[in-house]
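Subject: Structure for you to look at

Hello,

Here is the structure I promised to pass on. Please open it alongside this message, and then read on for what turned up.

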There are 2 protein chains.
Amino acid sequence: MIKIDGKGVSQKILAYIRKEHDILKEKYGRSAGLGVIIVGDNPASKVYVNNKIKACENVGFYSETISLGGNITEKDLIKEIERLNKNNKIDGILVQLPLPNHINELKITETIFPEKDVDGFHPLNIGKMVIGDNTGFLPCTPYGIIQLFEEYGIDPAGKDTVIIGRSNIVGKPAALMLIQRGATVQVCNTKTKNINEKLKNADIIISAAGVPNLIKGTDVKEGAVVIDVGINRVKGKLCGDVNYEEASEKVGYITPVPGGVGPMTIAGLIKNTFKSYINKVEK
Amino acid sequence: MIKIDGKGVSQKILAYIRKEHDILKEKYGRSAGLGVIIVGDNPASKVYVNNKIKACENVGFYSETISLGGNITEKDLIKEIERLNKNNKIDGILVQLPLPNHINELKITETIFPEKDVDGFHPLNIGKMVIGDNTGFLPCTPYGIIQLFEEYGIDPAGKDTVIIGRSNIVGKPAALMLIQRGATVQVCNTKTKNINEKLKNADIIISAAGVPNLIKGTDVKEGAVVIDVGINRVKGKLCGDVNYEEASEKVGYITPVPGGVGPMTIAGLIKNTFKSYINKVEK
């Protein structure tokens with residue numbers, strides 16, 4: 001069994017970007033910049049945003065965090081995004097999700113300029129991913145997963161792959177990126193029949209359900225690749241969707257939580273921001 | 001066994017649009033318009049384009065066909081598209097695929113204004129479909145399939161669905177539209193293992209492989225829904241991917257070829273063009 005070291009791979013990527021960024025910063029006289037908007041005081045969102053800001057500092061990017069009260073109107077939030085759209089110091093914009101219920105997430109996502117949408121959530125970037133136009137930005141979490149596959153030499157082509165969850169930010173884009181790479185992809189949801197049987201036959205499992213202990217040792221095949229995207233808190237401790245102790249005795253590869261997909265999501269964000277910066281300074 | 005009457009459903013849709021269009025044409029003083037570009041002299045493309053033009057006449061739309069030689073440059077083709085983009089009589093633009101090898105299809109697709117992209121191939125429209133923003137246009141073939149499901153009361157939620165083929169125009173968008181509707185969707189390709197077993201367990205099969213006799217009677221489950229998107233020519237006769245004689249003895253629903261998905265693709269195109277027209281005249 002190989003424990004996939006997301007943290008280590010992420011650090012390697014960040015170290016590489018730091019070096020490349022130093023060179024370009026010197027050459028073009030400005031840093032890459034990330035603008036982050038956080039609405040309300042969801043504690044988990046604050047932790048995520050802090051980790052992203054820390055990663056920016058780590059690689060030498062400029063960053064700007066705009067914290068807005070939970071009762072901000074949609075109109076005022078849009079104004080903040082439009083300011084960042086126009087700000088030349090900002091290459092990437094990220095609005096931390098979830099947003100309060102009175103704000104239309106779809107509308108907010110589509111307000112961000114596609115060329116600054118480093119989360120890869122704008123429909124233009126999603127569509128480019130689907131049709132294989134690589135000028136856009138890939139959603140950070142599945143992008144991170146694909147990089148883990150590359151790092152560990154896992155080729156998804158022809159592999160029976162089960163994805164649990166069909167969200168716009170993980171399940172659907174992960175499915176599309178793996179379909180693109182030749183995997184036989186099965187996307188499951190809460191209505192799926194015989195899920196345990198499907199899991200047991202899978203060469204690759206990607207779980208993004210957010211349900212602790214959803215996948216047990218008996219659910220996985222000998223030698224399978226298990227990617228755990230779940231981030232759950234049980235008695236104050238972080239855990240994924242997979243029973244790690246049980247599964248790790250059977251599988252070929254497995255990501256831990258924390259230290260697996262989480263840091264790779266941040267690496268994806270930093271890579272996207274750097275790509276946007278290069279697009280702007282080198283054009 | 002119920003033979004799904006794509007031709008009949010399509011005619012019903014066209015009759016409805018003809019009536020609605022007559023009213024709006026009277027009210028706003030102009031018809032909906034479709035601009036079609038065909039490059040080279042692929043006989044199959046000519047047949048498809050003729051059917052689309054005939055459908056336009058049938059519902060009272062204005063249409064314009066631009067036939068270009070197979071050696072036209074990419075730049076000149078783009079100029080033709082840009083003229084249609086600017087033409088106020090044209091609500092929808094369709095460039096018949098495939099294009100000659102020296103022309104970049106991706107680039108052509110992205111040249112069409114998204115608000116006139118009635119084929120639903122532009123990345124912005126694809127991305128809107130993925131995230132559930134219904135202001136865009138859906139790709140015509142899977143759109144047609146979904147309408148057949150609605151017409152026949154087939155609810156894909158929770159159903160084990162196998163899709164053969166992962167193209168940008170059928171396999172991937174069909175998968176996304178069915179994931180959106182709660183199906184458990186498995187997308188297969190030529191590298192897929194144990195394809196017969198997967199088919200045998202499927203509640204719904206959508207085949208877009210373009211391989212005659214690919215799916216035999218022994219491959220389908222009793223009561224399954226079989227949607228045949230294949231259009232193949234064997235000894236001068238049209239047939240799909242499914243052995244219709246064998247399969248129809250076991251399945252619950254099946255589309256014939258011809259007369260199944262084909263006419264529904266055209267209905268999808270006409271619906272999209274009409275939607276674009278309404279967006280423009282009623283804004």
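Below are my notes, going from the contact between the chains to the core and then to a few single residues. Please keep in mind that this is a predicted model.

**How the two chains meet**

Chain A is superposed on chain B by a rotation of 180° with 0.0 Å of shift along the axis, and the RMSD is 0.0 Å. That is the relation of a two-fold axis. Of the interface residues of chain A, 100% are also interface residues in chain B, so the copies meet through the same surface.

**Strand S6 and its partners**

Have a look at S6 next. S6(A) pairs with strand S6 (residues 184-188) of chain B in the antiparallel sense, over three bridges. A:Gln186 stands opposite B:Gln186 in S6(B).

Within its own chain, S6(A) also pairs with strand S5 (residues 160-164) of chain A, in the parallel sense and over five bridges. There, A:Ile164 has A:Cys188 of S6(A) as its bridge partner.

Is S6(A) enclosed or open? Five of its five residues are buried, so S6(A) is largely enclosed by the rest of the structure. Both of its faces are covered: A:Thr184, A:Gln186 and A:Cys188 are buried on one side, and A:Val185 and A:Val187 on the other.

**Helix H7**

H7(A) is mostly covered, with nine of its 10 residues buried. The buried residues of H7(A) include A:Lys172, along with A:Pro173, A:Leu176 and A:Met177. Just after H7(A) comes A:Gly182, with a positive phi of about 90°.

In chain B, helix H7 (residues 171-180) is mostly covered too, with nine of its 10 residues buried. Among them are B:Lys172 and B:Ile179. B:Gly182 follows H7(B), and its phi is positive, near 90°.

**The nonpolar core**

In soluble globular proteins, nonpolar side chains tend to be buried together. Here, the largest nonpolar core has 158 residues, and those with the most contacts inside it are A:Ile205, A:Val226, B:Ile205 and B:Val226. Leaving aside neighbours within four places in sequence, B:Ile205 is in contact with B:Val162, B:Leu199, B:Ile215, B:Val220, B:Ala224, B:Val226 and B:Ile227.

Chain A is divided into domain 1 (29-115) and domain 2 (140-262). The C-alpha centres of these two domains of chain A lie 28 Å apart.

Finally, A:Thr273 is worth a click; this residue lies in helix H10 (residues 261-281) of chain A. A:Thr273 counts as buried because it has 30 C-beta neighbours inside 10 Å, where 20 or more are required. Apart from neighbours within four places in sequence, A:Thr273 is in contact with A:Ala32, A:Leu34, A:Phe61, A:Asp91, A:Gly92 and A:Val118. A:Thr273 and A:Asp117 are 156 residues apart in sequence, and their C-alpha atoms are 8.6 Å apart in space.

Happy browsing, and do write back with any thoughts.

Best wishes

Key: Residues are numbered from 1 along each chain as its sequence is written. Chains are lettered from A and ligands numbered from 1 in the order in which they are written. This is a predicted model: local features need pLDDT of at least 70, side-chain atom pairs count only at pLDDT 80 or more; totals for chains, interfaces and linings use all residues. Two strands pair if DSSP finds at least two bridges between them. Helices (H or I, at least four residues) and strands (E, at least two) are DSSP runs, numbered from the N terminus. Copies are superposed by least squares on the C-alpha atoms of residues with pLDDT of at least 70 in both. Two residues are in contact if their C-beta atoms, placed from the backbone, lie within 7 Å. A nonpolar core is a set of buried Ala, Val, Leu, Ile, Met, Phe, Trp, Tyr and Cys residues joined through C-beta atoms within 7 Å. A residue is buried if 20 or more other C-beta atoms lie within 10 Å of its own, exposed if 12 or fewer, and partly exposed in between; C-beta atoms are placed from the backbone. Domain bounds come from an automatic or database domain assignment.
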